[in-house]
Amino acid sequence: LLDVYGSVDKFGKRTGNDIISNKKTFLLTTAQAIADKENKELLYYWLQQNDKDSEKIKEVKNIYNRLNIKEVTEQRIEDLYKQAMAYLEQVNVSPDRKSGLVDFAKSLKVRNH
């Protein structure tokens, strides 16, 4: 999510590297799974391109935007976070011994983009 929608200032590096390298991210595999025929064909086309410039990033991001991939991903993050917190709640130790892990999980969830 950060590699596509994060800001360079906050992410600390150029965004879009996962798109350039065709990395099999949650965003890409979800887009492939939910895309209609036209968007699947466009996505396939851009995956075949070896562009190292911003055009490939822009076009794949446009596909993601049409498919609401950012929102789907954010919802998945929220669902997994809730599930993790429920599991952590079941661990039979005092809350203060879990606080570091809880704080770390919260920090991962709310990373700005």
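Okay, Glu59: this residue is partly exposed, at 23% relative accessible area, where buried is under 20%, exposed is over 50%, and partly exposed is what falls in between (1.4 Å probe, protein chains only). Glu59 makes a salt bridge with Lys58, with the closest N and O atoms 3.6 Å apart. By salt bridge I mean a side-chain nitrogen of Lys or Arg within 4 Å of a carboxyl oxygen of Asp or Glu. Lys58 is partly exposed too, at 49%.

Before I go on, the ground rules. This is a predicted model, where local features need pLDDT of at least 70, side-chain atom pairs count only at pLDDT 80 or more, and totals for chains, interfaces and linings use all residues. Residues are numbered from 1 along each chain as its sequence is written, and side-chain values use heavy atoms, with hydrogens and water left out.

So how confident is the predictor? pLDDT is its confidence in each residue, from 0 to 100, and the chain averages 91, with 96% of the residues at 70 or above. Helix α2, residues 8-11, has the lowest confidence with a mean of 73, while α4 has the highest at 98. When I say helix, I mean a DSSP run of H or I, at least four residues, numbered from the N terminus.

Back to salt bridges. The count by this rule is 5. One of them joins the side chains of Lys109 and Glu78, at 3.0 Å, N to O. Lys109 sits in helix α8 (residues 95-109) and Glu78 in helix α7 (residues 69-90), so this pair ties together parts that are 31 residues apart in sequence. Lys109 is partly exposed at 30%, and Glu78 is partly exposed at 24%.

Now, inside. Which residues have the most contacts within the largest nonpolar core? They're Leu43 and Tyr64, in a core of 17 residues. A nonpolar core here is a set of buried Ala, Val, Leu, Ile, Met, Phe, Trp, Tyr and Cys residues joined through side-chain atoms within 4.5 Å. Elements giving two or more residues to this core are α1 (2-5), α3 (17-20), α4 (26-34), α5 (37-48) and α6 (54-66), and α6 gives the most, with 4.

Contact, by the way, means heavy atoms within 4.5 Å. Skipping neighbours within four places in sequence, Tyr64 touches several residues, including Val4, Ile19, Leu28 and Ile69.

Helix α5 is worth a look. Trp46 lies in α5 and is buried at 8%. Leaving out neighbours within four places in sequence, its contacts are Asp51, Glu55, Lys56, Glu59, Val60 and Ile63, so there's our opening glutamate again, Glu59 at 23% and partly exposed. For scale, Trp46 and Met85 are 39 residues apart in sequence and 38 Å apart in space, C-alpha to C-alpha.

Last stop, Ile34 in helix α4, partly exposed at 45%.

Definitions and conventions:
pLDDT is the predictor's confidence in each residue, from 0 to 100.
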